[in-house]
Amino acid sequence: MQTANKKCINPDCGLTFDISTGNYLCTCGYLLDVQYHNLPKRELIDRFYERRDHGGNIYDESGVWRFRDLINFVNIDCEDFTQCASYLVSLDGSEGRLSKPYKMSKVAEYADIDIDSLLLQPEGYNPSGSFKDNGMSTAVTHAKMLKIRNLICASTGNTSASAAMYAANERMSCSVYIPKGEVAPGKLGQAFQFGAHVIEVNGNFDVALFTSLKAARENGGYTVNSVNPFRIEGQKTMIYRVLESLDWSPPDWIFYPGGALGNTASCGKCLMELYKWGWIKKIPRLVVVNSEGANSFYELVNGHFEGKKLSWNNGRPDLIMINRYYEFNDARGKVPKTQATAIQIGRPANIIKALRALDFTNGLVVQVNDREMADGMSIVGLNGFDCEMASGAVPAAVKKLRQEEVIEKDDVVVGILTGRQKDPQLVVNYHLDSNNRFANPPSKA
Ligand SMILES: *Cc1c(COP(=O)(O)O)cnc(C)c1O
Ligand SMILES: [Zn+2]
């Protein structure tokens, strides 16, 4: 008997699909959730901790699969190593292994928050260098379950790096659609190195996603973008690791940069489940950080378009308004433009799930500009951690919300640093320009 299925998130529909089907959309057009039928026992918390002493078992070593009992859509006996080895896709236990929350004193000083209150989790310390590996290991596990061997995605760079890495490791093929000229060289280089078939699209990420989804439908490829509900499942483990480090006592706030809003969707689902199971009593408030140059979610949620705030509205968000907003932007030629290319997205594919997450967590959407993100990235560097510009949105937004006194100095704040630096020229340029706040230019001999 199956222990999980897929379920439409539209409350007026609620259609379910067998776990072994490949569709990511319901017939009504909404996205799907993976839904589990069993109620996990709270004693698992001790088991997860014990597994950190992994004794060479890569499924215990992996920061994703250590929590496999909570994402067991394959329906295996989680204590049976042979079953894990036959079904679970892992890059030798490395996904999520090193990423856990760290205190960063200089970032805390910069944002004017207590040093012990701020925890930042560098997801760049994943094998392909971004949080995407958390969800890619689970999505590729599902592809393997369906015996589909050609992965396909659109990407601002990190999804393609991750998909190509897992594909190479599993001897699968991988096609990646990228917006031409808009991908950081370090990310593009990874796609080439891992043997992916790279297809350049004339247009932005939104066009690339549209093109890749069409290609997947026509050629039977397995889509590994965050519209895939199995990506969302793996990304929940980021929050499990955060909570584990806090003895499962939730923080006051969780910050993410927002692009396609897969993380936002995943965090919301994760917290909804933990709350329903009674594992957490308090719900942290989610903060999604847009770049000013790619701020669709910010504008829609905060009522900057037509003066009406877009909301989840019990599962009946104003989809017509979202479309009017996109058409309005197209008509005036507004395209997403930011140096933080990882979040240079105009039509966030997970917007409805993200609205649900904001609703459940009483969340906020804020925006920061390129200069603020570059400073945020650089102050993380001064703590000896490495992150890219999109991740710099997190410290920048913590600072902003402290200034606005939305968060208190001693609130517990968790921020996800989504990816490692893969655009070294951007960093060098920052440091050569002494106008920049944390510029560290070389001196002459
Ligand atoms: C993909 C990505 C994002 C955007 O995440 P979403 O889940 O699409 O909102 C942010 N930062 C980095 C480094 C990324 O690779
Ligand atoms: Zn439906």
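Four donors around a metal count as tetrahedral if all angles lie between 85 and 135 degrees, where donors are N, O and S atoms within 2.8 Å of the metal (3.2 Å for Na, K and Ca), and sites may look incomplete since water is not among the atoms. This is a predicted model, in which local features need pLDDT of at least 70 and side-chain atom pairs count only at pLDDT 80 or more, while totals for chains, interfaces and linings use all residues. Residues are numbered from 1 along each chain as its sequence is written, chains are lettered from A and ligands numbered from 1 in the order in which they are written, and side-chain values use heavy atoms, with hydrogens and water left out.

The zinc ion (ligand 2) is held at 2.3 Å by the SG atoms of Cys-8, Cys-13, Cys-26 and Cys-28, and along the chain these donors follow the spacing C-x4-C-x12-C-x1-C. Because the 4 donor atoms subtend angles of 102 to 118 degrees, the arrangement around the zinc ion (ligand 2) is tetrahedral.

Helix α8 spans residues 205-219, helices being DSSP runs of H or I with at least four residues and strands runs of E with at least two, numbered from the N terminus. At the start of α8, a side-chain oxygen of Asn-204 comes to within 3.0 Å of the backbone nitrogen of Asp-206. Buried residues (under 20% relative accessible area, with exposed over 50% and partly exposed in between; 1.4 Å probe, protein chains only) in α8 include Phe-205, Leu-209 and Leu-213. The buried residues of α8 pack against β6 (150-154), β7 (173-179), β8 (197-201) and β9 (222-223), contact meaning heavy atoms within 4.5 Å. Just after α8, Gly-220 adopts a positive phi of about 70 degrees.

Notes:
The expected span of a helix is 1.5 Å times one less than its number of residues. A polar contact is a pair of N or O atoms within 3.5 Å; within protein, one must be able to donate a hydrogen and the other to accept it, and residues adjacent in sequence count only if both atoms are side-chain atoms. Four donors count as tetrahedral if all angles lie between 85 and 135 degrees; four count as square planar and six as octahedral if opposite donors are over 155 degrees apart and all others between 65 and 115; anything else is irregular.
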